[in-house]
Amino acid sequence: MQTEDLSQLLRQHPFVADLSDQHMHVLAGCASNVRFDDTSYLIREGELADKFFLLRSGRVALEIDMNERGPLRIQTVGPGEVLGWSWLIYPFRWHFNACAVTDVRVIALDGKCLRTKCENDHDFGYEMLKRLSHVMERRLEATRMQLLDVYGSNSGAPVQ
Amino acid sequence: MNLQVLDNQRVAADPMLPRAVPIRRITWETDDTFTLFLDLDGSTSQFKPGQFNMLYVPGVGEAAISISSDPTKPRAVAHTIHRVGTVTTALAQMKHGDFIGVRGPFGSSWPIDEARSKDVCIVAGGIGLAPLRPLLYSLFHHRNEYGRIVLLYGARSPLDLLYRVELEEWVDHHNVEVLVTVDRSDSSWKGHIGVVTNLFTYVKLDARATLAYVCGPETMMKFTLAELDRRGVPQEQTYLSMERNMKCAIGFCGHCQYGPYFICKDGPVFRLPQVQHLLEKKEL
């Protein structure tokens, strides 16, 4: 797929929809359009985090491997969301598995390519960092709420 | 105490006296949550969506329980109950034909007329779906008078989801956009996983034309209210149902005092600006 076509696809994704033309061109140079089948893995825990994904359609589950208890699914991400930020943070290794729950279409962004471009163009790097920080902040907030186990019996749920 | 000896016509006039009501049936929704169907006298059991009854188990105690059934069917009142304390455990052990004491209905209700020609966004967490179900039924009776109806529902796990069959019916027969999420699951669950506020990512609300109704654990409601605010839904168009330890249910005893309000009498349903400042206070 040509860079121009990828730019058009990227423009449809909320994460980068309002990026400047210049930065969009830089980003599109690291992008590819990818499809994953249901039950296939986009990310494996411990492997090199060499890319990240902007979801266009479908649903992906983040899993923690609980050994003999099998994988525990802790979160799903869907269209319009971002999957993965370990590509930006040393030692660039994934901390979770990510499994396609349905057929999934993503724009995959090459992490190494992006890191290089972020180093070479700090304005672009700062723009990416701001956007990813926002995603991380929202995820952290959601994780805190999840940890509270608000629906548990001792959670202060409605008195009955 | 034999509740059957009470004169139901006399006690109906006194909100502190329970009337004896037989149990029609009990159905289990999940491992720890059940729906109790009562055989009520229709003339004394008219209720509005969001209201609650005080259910009394002789020798055990009384608990405030939201009504979860269709307001147009007052003879078949139902309460969906999370078995968490002594009263609810005793209720869970009752069977068809047993009598319990019932006082009510009490409290404020979800405003429905304000939603006419508007979109409706209902956000429920856990057992919080129960008091919202009568609202949904009321909307369904005049479905063409409302715009979109969006239901965002969060639960602890797939096994904790209430009304699973009905959720599908609401999508198929009442044009409701139902999005369900659970906090955690194994790979057998193909739906969303994560907190209920994540579901806002997948619905585009016309914020100014939307009325929001929220019910669930208080922490979940705080996060939800922040998300609604972030998306531009006006506070004046946001309603929530508060819960406190209700005892008398008529604003006498003060057990459920919440700032200047008694939840039992002034609530449980509040318009957000009424209680926004109280939600920030830790000791209330």
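**Stop one: two helices in chain A**

Select helix 3 (residues 111-120) and helix 4 of chain A: their axes come within 5 Å and cross at roughly 120 degrees. Helix 3 of chain A is therefore oblique to helix 4 of chain A. Bear in mind as you look around that this is a predicted model.

Now show the side chains where the two helices meet. From helix 3 of chain A, pick A:L114, A:K117, A:C118 and A:E119; across from them, in helix 4 of chain A, are A:F124, A:G125 and A:M128. Colour this contact by class and you get four nonpolar, one polar and two charged residues.

**Stop two: where chain A touches chain B**

Zoom out and bring up both chains. The contact takes 26 residues from chain A and 37 residues from chain B. On the chain A side, strand 5 (71-77) and helix 4 (122-147) each supply at least two residues. Which of the elements gives the most to that side of chain A? Strand 5 of chain A does, with six residues. By class, the chain A side has 13 nonpolar, eleven polar and two charged residues.

**Stop three: a leucine in chain B**

Hop over to chain B and select B:L91, which sits in helix 2 (residues 86-92). Is B:L91 buried or exposed? B:L91 is buried, because 25 other C-beta atoms lie within 10 Å. Leaving aside residues up to four places away in sequence, B:L91 touches B:L36, B:L55, B:V57 and B:I81.

Note on methods. Residues numbered from 1 in each chain as written. Chains lettered and ligands numbered in written order. Predicted model: local features only at pLDDT ≥ 70, side-chain atom pairs only at ≥ 80, totals over all residues. Helix = DSSP H or I, 4+ residues; strand = E, 2+ residues; numbered from the N terminus. Buried ≥ 20, exposed ≤ 12 C-beta atoms within 10 Å, placed from the backbone. Contact = placed C-beta atoms within 7 Å. Nonpolar A, V, L, I, M, F, W, Y, C, P; charged D, E, K, R; others polar. Axes fitted to C-alpha atoms, helices over the stretch in contact; angles between N-to-C directions. Parallel < 35°, antiparallel > 145°, perpendicular 65-115°, else oblique.
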